[in-house]
Amino acid sequence: MRKISVLLFLAWVGFLFYAGIALFTSGFLLTRLELTNHSSCQEPPGPGSLPWGSRGEPGACWMASRFSRLVLVLIDALRFDFAQPQLSHVSGEPPISLPFLGKLGFLQRILEIQPHHARLYQSKVDPPTTTMQRLKALTTGSLPTFIDAGSNFASYAIAEDNLVKQLTSTGRRVVFMGDETWNDLFPGAFSQAFFFPSFDVRDLHTVDNGILEHLYPIMDSGEWDVLITHFLGVDHCGHKHGPHHPEMAKKLSQMDQVIQGLVERLENDTLLVVTGDHGMTTSGNHGGDSELETSAALFLYSPTALFPSAPPEVSRFLHTYSTAAQDLQVKELHRLQNLFSKASADYQRLLQSPQGAEAALQTVITELQQFLRGVRAMCIESWARFSLVRMAGGAALLAATCFLCLLVSQWAASPGFYFRPLLIPMAWGLTGALVCAGLLATTGLKLDSVVLGAMAAVGSLLPFLWKAWASWGAKRPLAALLPMPGPVLLLLLIRFAGFFSDSFVIAEARAAPFLLISLILLLVAQLHWEGKLLPPKLLTIPRLGFLTPAGPPRHNGTHALGLGVGLLLCIRLAGLFHRCPEETPACSSSPWLSPLASMVGGRAKNVWYGACVGALAALLAAVRLWLRRYGNLKSPEPPVLFVRWGLPLMGLGTAAYWALASGADEAPPRLRALVAGASVMLPRAVAGLAASGLMLLLWRPVTVLVKAAAGAPRTRTVLTPFSGPPTSQADLDYVVPQIYRHMQEEFRGRLERTKSQGPLTVAAYQLGSVYSAAMVTALTLLAFPLLLLHAERISLVFLLLFLQSFLLLHLLAAGIPITTPGPFTVPWQAVSAWAFMATQTFYSTGHQPVFPAIHWHAAFVGVPEGHDFTWLSALLVGTNTFASHILFAVGCPLLLLWPFLCESQGPRKRRQPPGNEAEARVRPEEEEEPLMEMRLRDAPHHFNAALLQLGLKYLFVLGIQILACALAASILRRHLMVWKVFAPKFIFEAVGFIVSSVGLCLGIALVMRVDGAVSSWFRQLVLAQQKAGEQSSLVYTGAGSSAREAQSHLLPPCSQDLLASGTSLFYNSKS
């Protein structure tokens, strides 16, 4: 029941955070209202009648049609400078040679030869610069919203008025070929369509070649009025190689040939439009609002002269939207309507008397331009309007939940803590939600699900906080509720305040390692101040709020200093794998983040491949050596067998996949199909093996080696303070009583064996590290699929990740005292360091909290070409992005387990049973074999309370980060960088918190599963012995020696009811 209470309480705390995040998001990231109204030819665009006699006739809607046909060529990510010529060399300066310059040479020639027939413009697009949002903006004329960026995985049909709808409603034959996203946006709208899978950024040619296969035959057939093509090769080349790769020059040259072929086939009544939907960054990504991402090329050409103009139609949309939404500024709306009415009247007068009206025409154009700019500015301001009530409510709920974590984490560490009240708030929340839902259903009112969830969260949180504060918190001084050491509190406050600075958020990749290094130096200093590192006279510094010395050192000073130095070195090496934010042009991103396939030069690629495989082998070897060190590779259980044979198979599969992925473009044509198939199957095989290993671990988590021997007598080790035979009377007086007792026990055992076949001795190995072994195995199994989703050279970062986690755990364990029988606790500095390391690893794996830095290539690992599982692609990309959050959250229980595991590094003196003081004076002090993690089973109540406390502390540290992001986004909502820095940071922190909280619950649940399996194992063993009617002796092994050297100890209290009738325990680790 205690285990279920802990998990349910952590899940409820997570729900409180989720409700606060959702409530804040609903007030911060608003979506605009989409109108379903559609214009028709019978409705004039403005007041007055049209100058043409007939409205609605084919080809003449509102105004005469200048062109009978349109060819729209959309080249995805065609940045404006891609259409620029190669810059000439200026004397005294080095020549500029970029692969993408001068490759659209035909555009430049036609602009020079026919300047009245062709124009090239720089198109400034609105963010977010993701493909689906840009297509909606191009076809509807509306502004994309920030939160719609996530819909790039799953596009939905456009309900607003749009160009495709208008063209088809007037009887135009619209033919499309290219990106399949158009099929989702305009289902059934095309008279003829050729859709190709678009999301595989590794594929540079399938979509483009498919278009070219149908483009010229369709064009020559004449069975079309509007021909739309959407090429993806340039965009995919940018994602895969970047704009400065030679492959980009080939792609642009191909597009230049396409444009030339189209121009040669154009007739006089046809207009050619070549445009890009957005640009790309220097790394080839897009989605943000940087200058390179919002700059696209727009090229127009016709065999006839271009550019007579007519007024646009926006006023009716503005009037309809203001009536439906009622959130536009009234004064500005009236001003714009008056401005449009004046421009329309001037235009009507101009049509009636066109002679000598050049000045009047210029006035009309100026008025209409002012009108359009004013409408755009007002709509942007309206669609960025915030709900301050929801934002404040969400932030308040997040702050209250953080206080709850702090309060209950301290309550769980108190001796009088009990679990039963933990379930009360969940019952309150569920009851409140059901009552609210019932009232809404009966009254017919509609309430937002986000608000309903927030009401349920608040209704369950407030009574619990009141009761906890009244019964426990009010009895403590305020300082006791904030028990963090001063330096740790200072670092957390610095991190909290840093989220309010855009410069700090941009430079967080460097700030997070700095804070982590500062905390590590404080940990080393703490070890000294507590007398666990160096003699106190060597360094005299005030303790800065740390604990007072508590016991003798468990490690020598050189060992602890070595851990600290090694940890600092690992953090510095991991910092070499960094991606620079766009706001720091002077910074250069690490070239090691790119995949091996993008490298030019076979020798360098082979060297790096060898280094990656070596890192993978080192990671496997380190895990196996650690498991062998604690004796966890000797059991015949299925998980142990999988670690022996399954992990090497996973390593081979990963290395083989890297080899195929890095050389896929160089494979012979006859083998490319085989390589493509193997590139899909190998990641699936590795992921399947990892899933199988995790299932086996959950099924049989106790990897215990049991040995039974009939008639094996119990032995006693006679310890003497001298070597060799006794040489004095004192030596004889010391050793004779022990020999006598040994002979008594041996004689008694022989008498018992004459009455039966003899006792059954059972030796059980590896119980001392049973929890940690399961956690390390699970983390290793999770690491392989996560590693496959990253570039090959990130394997070096994963190796550093495991190494620095190992060093940090050992360093933390050196300063955590082991209290028996409890309560157990994990210091705040350990939890904070663990959270800082998760953030540091996020940046070291090449991520940034901005959309252009997302690793889209992860969406295609193990996925065949042409798939339509958009949810799977989104899951893979999300898993790649938050891999560090997953690993550190799942591994968080190691902070509690590791100090007990490290107990094996030093022997402890034997505890004397009560009443044996006389014997203790006679016999020498014997060294007790360390119980290690079995000490946690000595006090199951404190064990579960420690898991709850650990989970709440970790959620608190993560919670104050998301709270800081929410407060920064709300306070700085009118800041220039809100949509570029603060909003993406809030979104990434929110999703990262959700992933971390789920991973934390899974990690704690795994520890509880192991604990339950250990209890079940004891129960089954004793019941089997009792059923056999035999008096049994159990040799339980934890750490330090062999079975024949085991020393007897008292049973853990939690096992005394299981082991009865003459059963005794012995502790050891390895056979």
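Predicted model: local features only at pLDDT ≥ 70, side-chain atom pairs only at ≥ 80, totals over all residues.
Residues are numbered from 1 along each chain as its sequence is written, and side-chain values use heavy atoms, with hydrogens and water left out.

**Overall make-up**

The protein has 32 helices and 16 strands; helices (H or I, at least four residues) and strands (E, at least two) are DSSP runs, numbered from the N terminus. Of its 1071 residues, 52% are buried, where buried means under 20% relative accessible area, exposed over 50%, and partly exposed in between (1.4 Å probe, protein chains only). Take the contacts (heavy atoms within 4.5 Å) with a separation of 6 or more: 79% of them join residues 24 or more positions apart.

**Strand β7**

What about β7, residues 226–231? Its 6 residues are buried, 6 of 6. V226, I228 and H230 sit on one side, with L227, T229 and F231 on the other, and both faces are covered. On pairing (at least two DSSP bridges between two strands), β7 runs parallel to β3 (residues 69–75) over 6 bridges, with I75 opposite F231. Strand β5 (residues 174–179) also pairs with β7 in the parallel sense, over 5 bridges, and there V174 has V226 as its bridge partner.

**Two helices**

Helix α27 (residues 883–890) is mostly covered too, with 8 of its 8 residues buried; H885 and F888 are among them. Over in helix α1 (residues 2–28) we find S26, which counts as buried because its relative accessibility is 18%. Leaving aside neighbours within four places in sequence, S26 touches R390 and V450.

**Cysteines**

A disulfide is a covalent bond between the sulfur atoms of two cysteines. Counting pairs of cysteine sulfur atoms within 2.5 Å, there is 1 disulfide. C580 and C587 form that link, with their sulfur atoms 1.8 Å apart, and it's left-handed, at -50° about the S-S bond.

| Cysteine | Relative accessibility | Class |
|---|---|---|
| C580 | 13% | buried |
| C587 | 34% | partly exposed |
| C237 | 0% | buried |
| C965 | 4% | buried |
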